[in-house]
Each structure stands twice: as structure tokens, then as C-alpha cells.
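Welcome! Here is a short briefing to read alongside the sequence and the structure.

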Amino acid sequence: PRQPAAQVAPTRLPAAAVLLLGAIDVPLTEQGMARAGLTEPVAAAVLSDSSRSRYLRARAVAAVARFRSPAGRALLERVAATDPDDELRIQAVISLARAFGPTDRPGVSAHLEALAHTAPGPVRGVIGNELTRLHGPLAE
């Protein structure tokens, strides 16, 4: 059986895709990603490679989220929960909430609420912000 797209690691990363991920102030659009060969498996491979720079990996978080696939969601959940770099965990929380929250608010909220119990302080703060954004401010 075929693996979900985000879990299939390409044997060689397209140079244009890595260049696009490394670009500063260049939005990750569907058209630009397609032109550069920045597929979900490529983005997932960059995100999963801890030897890559924080910036490349953070951009890969955003790219994975743009595909809105179940495998991509699972990868973002894993990064949000376990990546040793808190900044990447924060980016994964934001991308998870904003890419998947609108279509699965209960599921994303439950995941973030559970994650908040074990997340480091800065990540926990962003989780709180994203939960507020998903549900609106609590009544006083």
C-alpha cells in the first residue's frame, strides 16, 4: 500500500524547492511551490531533517500546512509536541490551528489543550493564543 504523501521522503530534494524555502519575504503560494517542485513530501523531508536551519524548517512547517492533508496534520502535531526547538514547535502550533482549526475546531482544540499540559512556557502561551483565536475570548 502507498504511504501518505507527507511520509514519503524523496531521495533527492529539488534545489529550487530548497531555494524557495530559504527565500526571505517570498510567500509560499500554490503556484510558486508547484513551479519549484515544493511538494508535500519535499516539505516534510526538510521539516523532518534536524540538520537543516531553523528558518528552512519553519518555512517547511508553513508549506506542509498549505497542503492540508491528514499526513501533514500528523506531522505538524508531532513537531508541535516533540521537536527540540521551541520556535519550530510554536510555528507548528500556529500552522496546525490555522490550517486545520477552521474545518476541525473540536479536534484541533482537543489536541492543543492536551499539548498545553506538557509544552514549555513559550509554546504554552502560543497554544493559549491560538485557542482564543479559534474560540473567541472567554466571557468574563
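Which residues in H6 are buried? They are Leu-88, Arg-89, Ile-90, Ala-92, Val-93, Ser-95, Leu-96, Ala-97, Ala-99 and Phe-100, where buried means under 20% relative accessible area with a 1.4 Å probe, protein chains only. Please keep in mind that this is a predicted model, in which local features need pLDDT of at least 70 and side-chain atom pairs count only at pLDDT 80 or more, while totals for chains, interfaces and linings use all residues. Residues are numbered from 1 along each chain as its sequence is written, and side-chain values use heavy atoms, with hydrogens and water left out.

**Helix H6**
- H6 covers residues 86-100; helices here are DSSP runs (H or I, at least four residues), numbered from the N terminus.
- Asp-85 caps the N-terminal end of H6, with a side-chain oxygen 2.9 Å from the backbone nitrogen of Glu-87.
- The buried residues of H6 pack against helices H4 (54-67), H5 (70-82), H7 (105-116) and H8 (121-135).

**H6 beside H8**
- The axes of H6 and H8 (lines fitted to C-alpha atoms over the stretch in contact, with angles from 0 to 180 degrees between N-to-C directions) come within 9 Å and cross at roughly 10 degrees.
- That makes H6 roughly parallel to H8, a label for angles under 35 degrees.
- The contact (heavy atoms within 4.5 Å) involves residues including Ile-90 and Val-93 of H6 and Val-126 and Ile-127 of H8.

**Arg-73**
- Arg-73 sits in helix H5 and is buried, with a relative accessible area of 16%.
- Leaving aside neighbours within four places in sequence, Arg-73 is in contact with Leu-96, Phe-100, Asp-104, Gly-107 and Val-108.

Methods
Helix = DSSP H or I, 4+ residues; strand = E, 2+ residues; numbered from the N terminus. Expected span 1.5 Å × (residues − 1). Buried < 20%, exposed > 50% of the residue type's maximum accessible area, 1.4 Å probe, protein only. Polar contact = N/O pair within 3.5 Å; in protein donor to acceptor, adjacent residues only side chain to side chain. Parallel < 35°, antiparallel > 145°, perpendicular 65-115°, else oblique.
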